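User: Please take me through this model one question at a time, giving the cut-off behind each term when it comes up.

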4 protein chains.
Amino acid sequence: MGAIRVAINGFGTIGKRVADAVDAQDDMEVVGVTKTGPSFGCDLAVKKGFPLYCTFDDEAAVSRFAEQGYVCSGGLSDLLSIADVVVDCAPGKMGAENLAKYQSAGIKYMFQGGEKHALTGLSYTSSANHSDNLNAQGTRVVSCNTTGLSRTLVPLYEHCGSLKVECTMIRRAADPGDSNKGPINAIKPVLKVPSHHGPDVMTVKPEIEINSLAVAVPTTIMHVHSIIADLPSGHGLTTENILELWGNTPRVIIMNGSENRITTTAEVMEMARDIGRKWGDLHEIFVWEDGVKLVGDRLYYFQAIHQESDVIPENVDCIRALMGTESDWKRSVAKTDAAISRYYGL
Amino acid sequence: MGAIRVAINGFGTIGKRVADAVDAQDDMEVVGVTKTGPSFGCDLAVKKGFPLYCTFDDEAAVSRFAEQGYVCSGGLSDLLSIADVVVDCAPGKMGAENLAKYQSAGIKYMFQGGEKHALTGLSYTSSANHSDNLNAQGTRVVSCNTTGLSRTLVPLYEHCGSLKVECTMIRRAADPGDSNKGPINAIKPVLKVPSHHGPDVMTVKPEIEINSLAVAVPTTIMHVHSIIADLPSGHGLTTENILELWGNTPRVIIMNGSENRITTTAEVMEMARDIGRKWGDLHEIFVWEDGVKLVGDRLYYFQAIHQESDVIPENVDCIRALMGTESDWKRSVAKTDAAISRYYGL
Amino acid sequence: MGAIRVAINGFGTIGKRVADAVDAQDDMEVVGVTKTGPSFGCDLAVKKGFPLYCTFDDEAAVSRFAEQGYVCSGGLSDLLSIADVVVDCAPGKMGAENLAKYQSAGIKYMFQGGEKHALTGLSYTSSANHSDNLNAQGTRVVSCNTTGLSRTLVPLYEHCGSLKVECTMIRRAADPGDSNKGPINAIKPVLKVPSHHGPDVMTVKPEIEINSLAVAVPTTIMHVHSIIADLPSGHGLTTENILELWGNTPRVIIMNGSENRITTTAEVMEMARDIGRKWGDLHEIFVWEDGVKLVGDRLYYFQAIHQESDVIPENVDCIRALMGTESDWKRSVAKTDAAISRYYGL
Amino acid sequence: MGAIRVAINGFGTIGKRVADAVDAQDDMEVVGVTKTGPSFGCDLAVKKGFPLYCTFDDEAAVSRFAEQGYVCSGGLSDLLSIADVVVDCAPGKMGAENLAKYQSAGIKYMFQGGEKHALTGLSYTSSANHSDNLNAQGTRVVSCNTTGLSRTLVPLYEHCGSLKVECTMIRRAADPGDSNKGPINAIKPVLKVPSHHGPDVMTVKPEIEINSLAVAVPTTIMHVHSIIADLPSGHGLTTENILELWGNTPRVIIMNGSENRITTTAEVMEMARDIGRKWGDLHEIFVWEDGVKLVGDRLYYFQAIHQESDVIPENVDCIRALMGTESDWKRSVAKTDAAISRYYGL
C-alpha cells in the first residue's frame with residue numbers, strides 16, 4: 001500500500017503544524033491544504049511544496065488565487081477527491097457543514113477539539129483510546145487541555161483502576177500571534193461552574209471521574225493545570241512511583257523547577273525553543289518534578305500545556321488509527337515521534 | 001475611657017490604609033506613624049495630621065527628618081510609650097526583632113499576615129475567632145488570602161459542622177505600585193505542594209480541613225480563588241441557600257457577572273472605584289453569583305480578593321478585641337464598617 | 001443669576017467624572033444624567049443624587065427603568081429642556097446625531113475629544129484658548145492627549161513665540177475596567193504616519209507646529225509622551241527655567257523620579273491614589289524632573305497622562321467659558337481646582 | 001587555509017545563537033563554548049557537538065562538570081589556545097577582565113553591545129563599517145538597537161550624504177525566558193535624556209547625527225523604534241524611493257501591515273516562527289510599508305527589532321572582517337545569510 005493521502009482543510013495555527021508533522025512521516029503525505037483566499041499564509045504552503053486548494057468550491061474564489069500569483073489546484077471537493085482522509089482544521093462552528101462534505105466525498109475525517117464530541121460521536125487521544133478508533137470512519141482529536149490531562153491521568157488510572165479528579169485550568173487568554181484579545185491586566189473566571197474542560201476527558205476515557213474550573217489570565221504562551229487526583233485506597237503508590245510512571249509515559253517531560261531554574265512557563269517555553277522544533281513548539285506535557293506530592297491518597301500536581309502544539313502528534317497517530325495501519329498505540333507514538341525528531345534534527 | 005491610642009509602625013501599603021481606617025473610628029485614634037527616613041511618603045502623614053516618628057531610635061536618624069522639612073516627634077520607643085496598642089506594618093522578616101520592642105514597651109501588639117503564626121501563637125480574623133483574641137496581649141491579623149477564605153468558609157462551616165476544602169489561588173504577581181517584579185508573560189506555580197496558603201485558615205478556625213495550590217500570574221489588581229468545598233452529607237443546603245448565607249455575611253459582595261458585565265477582576269475593581277473609598281479599595285470579598293454551584297455535596301465557587309485592602313477593617317476589629325472593648329464580633333464589624341462608610345461619604 | 005444647570009448625556013468613564021466635578025462647584029449643578037437603560041451604573045447616579053434620564057425619548061425605553069426599580073425622570077429631550085448646557089459624554093460616532101438634538105433644544109453644548117473638530121468648528125482647552133470660547137454656542141473639549149500636550153507646550157510657546165514639536169505617544173491599549181481589548185504581549189504602531197494625535201493641538205493653538213507618531217502597549221493605566229520641542233534661537237531658556245515655568249503652570253506636577261522612586265507610571269498612579277481623589281484619578285500632567293533636558297535649542301522630555309481624567313477639570317472651565325461667567329482662564333482654573341480639592345478633603 | 005577556529009565565551013541567549021550561526025558556515029567552525037558550571041544549558045552544547053569548556057581556569061571548577069556527567073575539555077585558557085578568534089558573549093561588566101585574557105592569549109576578539117565602545121575603541125556592524133574592521137585585533141559588535149538603526153539609516157545616509165535623526169525606542173522590558181523582571185502594567189521612561197541608545201550609532205557611522213529617548217514596556221518579544229529622520233534638502237527621494245532603497249538592503253523586511261494583517265509585533269513574530277529559524281528568530285529588521293511617510297524633508301517610520309537575534313549574522317560577518325578573509329561587506333552578508341538559510345531549510 002502507498003502512503004496515506006492526507007488533506008488538510010484549513011492552514012492556520014493547527015493546520016500548518018499538522019501538515020508539517022504529516023510531512024515528516026514516511027507512511028503518509030500531504031496531498032493538499034486549503035486557504036479561503038490568497039494571503040500571506042499561502043507563502044508557507046508554497047515554500048513547503050504543499051498543493052494549495054480553495055476552501056470553497058466556486059470558480060470565482062478559486063481564480064482569485066491566480067490573480068495574486070498563487071497556483072490554486074481547485075476547490076475543497078477536488079482536494080477531497082484525491083485524499084484518503086481529511087484533517088479538519090477549520091475555525092470553530094463550521095463542523096456540521098464540513099461533516100456533510102466529508103461524508104459526501106466518502107473519505108475518512110478528523111475534527112479538532114473545538115468541535116463537540118456529539119458531532120462525530122467518537123473522540124481520540126493516543127494514550128486513551130487508540131483501539132476504539134481503529135478503522136472508524138471519522139473522529140475528533142480532543143483539545144489541547146483534554147490531551148494534556150489524558151497524558152498524565154490515563155497511566156494513573158490504568159495503574160489504580162479508578163480515579164477522581166478536580167482540575168483548575170489557568171489558561172492563556174490569547175495565542176502569541178493574536179493581538180486583539182485581552183485582558184491586559186485582569187483574571188477572567190469561566191462562570192460556567194464546573195467548566196466543560198475536565199469532563200471532556202470522559203469522551204476518551206469514561207472511567208475517569210473529573211470536573212474542572214477555569215480562568216483566563218494575561219499570558220500568551222501556555223496553560224497551567226492545577227490538579228488534585230484522589231487515588232483509590234490500596235493503590236500502593238508513592239510520589240516517587242508516580243514520577244517514575246510518568247517518566248515512562250510518552251510525550252511527558254518531567255524536570256525539576258528549582259534545580260533547572262525552570263520556575264515559570266517562560267523558562268519552559270525557552271527550553272522548548274532550545275529543543276529546536278519549528279515554531280518553538282513543545283509537543284510534550286511539562287510536569288514540575290518538585291510540584292508533585294502525594295498526601296495520603298490525594299495527589300497534587302501542576303502541569304503546563306503548549307496550547308498550540310500538544311495535539312499535533314496525536315493527529316498523526318489518529319490518521320493511522322482511522323486507516324487501520326497501526327493497531328498498537330505505543331508503536332504509533334514511537335513512530336510518529338521518531339520521525340518528527342529526525343525531521344528537525346533533534 | 002478615652003479613645004484607644006494606636007501606633008502604626010510602618011506607613012506603606014498596609015500601614016497607610018490601617019491608619020486611615022482607624023482615623024475613621026470614634027473609639028480610637030492614631031497617635032503616630034513611623035517612617036525609616038524623610039521621603040515622599042511622609043507627605044501623606046503630614047496631610048492627614050498623623051504625628052511622624054522614626055522607625056529607629058537613634059538621634060541621627062531622627063534628625064534627618066528635620067533636614068528635609070518634616071517634624072519628627074521621636075523614635076519608635078517614644079511612639080510606643082504613648083500608645084495602648086501598636087499595629088506592626090513593617091516589611092516582612094522584622095517580626096522577631098519588633099516583637100521584643102513591643103513586649104519591652106509593655107503594650108499590646110498586632111502583626112500582619114506576612115509574619116508566621118508561631119511568632120505570636122495567636123491569629124485573628126473577625127469572622128472566625130474574635131472571642132479567642134479578647135484581651136490577648138498580642139496577635140497576628142491573618143493575610144489577605146486567609147481573610148478572604150475565612151469570610152466565605154467560616155459561615156459555611158458554622159452551618160454544616162464540618163468542611164473539607166481545596167483551593168487553587170491565582171495570585172497577582174505584583175501590587176499596582178510595584179514596577180520591578182515580573183513575570184510579564186508567564187504563569188509561575190508555587191512549587192511547594194500543597195502550598196502554605198490554605199492551611200493558614202486553620203490558625204483561626206482549626207476545624208476546617210483545607211489545602212491549597214498556588215500560582216502567580218501577570219496582573220496587579222486582585223487574587224482569584226478557585227474553591228472546592230465538600231460539605232458533610234445531610235447539610236440540607238442548595239446553591240441558593242449558600243448564596244443567601246453569604247448575602248447575610250458581612251464584607252462579602254455577591255454580584256451576577258453576566259447581568260452586570262462584571263466578567264473579570266478588571267470590572268470588579270472598576271466597581272470598587274465607583275464605590276469611592278480611598279485608593280479605590282475593596283474591603284469586601286467579591287463572589288460571582290453565577291460562578292457558584294453545588295453539585296451533590298461538592299461546592300464549586302470563585303472569589304476575588306483585593307490584596308491591598310481586605311484585611312484593613314479586620315485590623316480595626318482586632319484592636320477592639322485586644323483592648324477588650326467589644327466582645328461581639330458582629331457588633332465590631334458593624335461599627336467599623338459604618339464608620340468607614342461615613343468617612344468616605346458612601 | 002442662579003447656578004448653571006448642566007446636563008450630562010452619557011454616564012460612563014468620562015460622564016461620571018464630569019458630573020462629580022460639576023457637583024463640586026458652587027456656580028453650577030447637575031440637573032440630570034442619561035443612561036441607555038437600567039443597569040448597575042445607575043446605582044452610582046442614585047447614590048450621588050443625580051436625576052436619571054433615558055438616552056432615548058421613547059416611552060417604552062423610559063419605562064424599563066421603573067421595572068428595575070430606578071426612577072427615570074424622562075427622555076433626553078426632557079433633560080435638555082431644563083438645562084443651560086449639555087456635556088456630551090456619549091460613545092464616539094454619535095456626534096452628528098446628538099448635535100442636531102442639542103441645537104434643536106436651543107441650549108449650549110460641549111463634545112469630548114472623541115469627536116472631530118469639524119463637528120463644532122471650535123475646540124477648547126483651558127490653557128490655550130479659553131477666551132476664544134467665551135459665549136460660544138458649542139465647542140469640543142479636546143482629548144486627553146491634546147489636553148496633556150497643551151498643558152506643557154502652550155506656556156513654552158507663549159514664552160518663545162514659536163515652537164516646532166515632534167511627539168511619540170506610547171499609549172495604554174485599554175482602560176483599567178476594559179477586559180476585552182489586547183494586545184497582551186505586543187507593541188502596536190498606529191500605521192497612519194504621522195498620526196492625528198499631535199496636530200490636534202493646532203485646533204486650540206494653531207501657532208504650534210506639531211506632528212506625532214503613536215503606538216499602543218499592554219498597559220492600562222497611563223499614556224506616556226516622548227517629546228522633542230525645537231525652540232526658536234534666542235529663547236534664552238535653560239532646563240531649569242523650563243522646569244520653573246512648568247512649576248508655575250496649573251495642572252502640571254513635576255517630581256524627581258530618582259529621588260522619589262517614581263520610576264514608572266505604576267508609581268505615578270500610586271502617588272495619585274495617595275492624593276485621594278475618587279477613582280484614584282490624576283487630573284494633573286506628570287513630568288519627570290530628571291527626564292527634562294535642553295540640548296542646544298532642542299528640548300527633550302517625557303510626560304505621563306491619566307487618560308481617564310485629565311480632561312475633567314477642563315470640562316468645568318469650558319462650561320464657564322460657554323456661559324460667559326468667567327472670562328479669565330486662570331481664575332476659572334483656580335476656582336475649579338480649589339472646589340475639587342475641598343470636595344475630596346485634599 | 002582551513003576553517004576559522006571560533007571560541008564562544010558564554011553560551012546563553014546570544015552565545016548559543018552565535019554558535020549555531022557559525023556552525024552553519026563553511027569557512028569557520030566552533031571549537032568550543034564555555035559554561036560557568038554543569039547545568040541544563042550544557043545539554044544543548046552536547047547535542048550540537050560543541051566541545052564544552054569551563055569559564056574559569058581552576059581545576060576544581062572544571063572537574064565539577066564530570067560530576068554531573070558532562071565532558072569538560074578544560075578552562076577558558078585551554079579554549080583560547082586552540083582558537084583564532086573568541087566571541088565574547090559573557091554577561092555585561094566582565095569586559096575589562098576578559099579583554100586582558102584575550103590579549104594575553106594573542107587571539108582576535110569580539111565583544112557584544114552590552115560593553116562600551118571605549119573598551120575596544122572600535123565597533124562593528126556589517127552595513128556601516130566592515131572595511132574599518134578588516135584585520136583589526138579586536139572589536140565590539142554593536143547592540144540590537146544600534147544594529148537595527150544602522151540597517152535602515154546607513155543606506156539613507158549613503159544616498160543623501162547627511163542625516164539628522166531622532167528616535168524613540170519602545171523597548172521590551174524582559175526577554176521571553178526571563179520571568180523575574182517587570183513591570184507588569186506600567187511604562188518606564190529611561191530618565192537619562194537624551195538616552196545613550198541612539199548616539200551609539202555614531203560609533204560605527206560618525207557622520208549620522210542622532211539622539212534618542214527610550215521607554216520600557218510590558219512585553220517580551222520585540223523593540224519598536226519610532227523614527228524621525230531629516231534629509232538634507234535636494235535629496236530627491238520620495239516615500240516610494242525610500243521603500244525601494246530598503247527593499248534592496250540586506251536584512252531588512254518590508255511588509256504592508258494592513259494588507260497582511262501584521263498590525264503588531266505579535267504578528268511579526270508569528271511570521272518569523274513560520275520562516276522556521278531556530279528559536280523562532282528574526283534576524284531581519286521589520287519595517288511596516290504603510291508606516292513610512294516622507295513629509296517635506298522629514299521622514300517618519302516605525303521598525304521592529306528582534307532583540308535576541310538581529311545581531312547574530314553580524315557576528316559572523318565580523319569574524320570574517322577581523323580575520324581579513326572577506327573584504328566586501330555585501331559578499332560576506334550574502335554568504336552568511338545563504339548558509340543560514342540552507343542550514344534551516346528555508
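**Loops, sheet, helices and interfaces**

User: Is C:Asn135 buried or exposed?
Analyst: The count for C:Asn135 is 11 other C-beta atoms within 10 Å. With C-beta atoms placed from the backbone, a residue is buried if 20 or more others lie within 10 Å of its own, exposed if 12 or fewer, and partly exposed in between. On that count, C:Asn135 is therefore exposed.

User: What kind of model is this, and how are its parts numbered?
Analyst: Residues are numbered from 1 along each chain as its sequence is written, while chains are lettered from A and ligands numbered from 1 in the order in which they are written. Local features need pLDDT of at least 70 and side-chain atom pairs count only at pLDDT 80 or more, whereas totals for chains, interfaces and linings use all residues, since this is a predicted model.

User: What is the phi of C:Asn135?
Analyst: C:Asn135 sits in the loop between α7 (126–129) and β8 (138–141) of chain C, where helices (H or I, at least four residues) and strands (E, at least two) are DSSP runs numbered from the N terminus. Although C:Asn135 is not a glycine, its phi is positive, at about 65°.

User: Is A:Trp279 buried or exposed?
Analyst: A:Trp279 belongs to the loop between α10 (265–275) and β14 (285–288) of chain A, and its phi is near 65°, a positive value in a residue other than glycine. Because 23 C-beta neighbours lie inside 10 Å, A:Trp279 counts as buried.

User: What is the omega of the cis peptide bond between C:Val193 and C:Pro194?
Analyst: Chain C also has a cis peptide bond joining C:Gly182 and C:Pro183, with omega about 5°, and C:Pro183 is placed in the loop between β9 (164–172) and β10 (188–189) of chain C. C:Pro194 lies in the loop between β10 and β11 (209–217) of chain C. For the cis bond joining C:Val193 and C:Pro194, omega is about -15°.

User: Which strands stand at the edges of the open sheet in chain A?
Analyst: Eight strands of chain A form the sheet in the order β4-β3-β2-β1-β5-β6-β8-β7, with parallel pairing, and two strands pair if DSSP finds at least two bridges between them. Two of these strands each have a single partner strand, so one side of each is left without a neighbour in the sheet. The edge strands of chain A are β4 (72–75) and β7 (123–124).

User: Which residue of β2(A) is the bridge partner of A:Val6?
Analyst: Strand β1 (residues 4–9) of chain A and β2(A) pair in the parallel sense over five bridges, and seven of the eight residues in β2 (residues 28–35) of chain A are buried. A:Ala7 stands opposite A:Gly32 in β2(A). The bridge partner of A:Val6 is A:Val30.

User: Why does the packing of α1(D) on α11(D) count as oblique, and which hand does the crossing have?
Analyst: The axes, lines fitted to C-alpha atoms and, for helices, over the stretch in contact, with angles running from 0 to 180 degrees between N-to-C directions, are 9 Å apart for α1 (residues 13–23) and α11 (residues 312–323) of chain D, at an angle of about 55°. That makes α1(D) oblique to α11(D), because angles under 35 degrees count as roughly parallel, over 145 as roughly antiparallel, 65 to 115 as roughly perpendicular and the rest as oblique. A crossing is left-handed if the near helix is turned anticlockwise from the far one by less than a right angle, and right-handed if clockwise. The crossing of α1(D) and α11(D) is right-handed.

User: How many charged residues are in the contact of α11(C) with α12(C)?
Analyst: Residues including C:Pro313 and C:Arg320 in α11(C) meet others, among them C:Trp329 and C:Ile340, in α12(C), where contact means C-beta atoms, placed from the backbone, within 7 Å. Ala, Val, Leu, Ile, Met, Phe, Trp, Tyr, Cys and Pro count as nonpolar, Asp, Glu, Lys and Arg as charged, and the others, Gly among them, as polar. The contact of α11(C) with α12(C) has five nonpolar and two polar residues, and the number of charged residues is three.

User: How many charged residues has the side of chain D that touches chain C?
Analyst: The contact takes 38 residues from chain D and 38 residues from chain C. Elements of chain D that each supply at least two residues to its side include β9 (164–172), β12 (223–230) and α10 (265–275). The side of chain D that touches chain C has 23 nonpolar and 11 polar residues, and its charged residues number four.

Technical notes. Contact = placed C-beta atoms within 7 Å.
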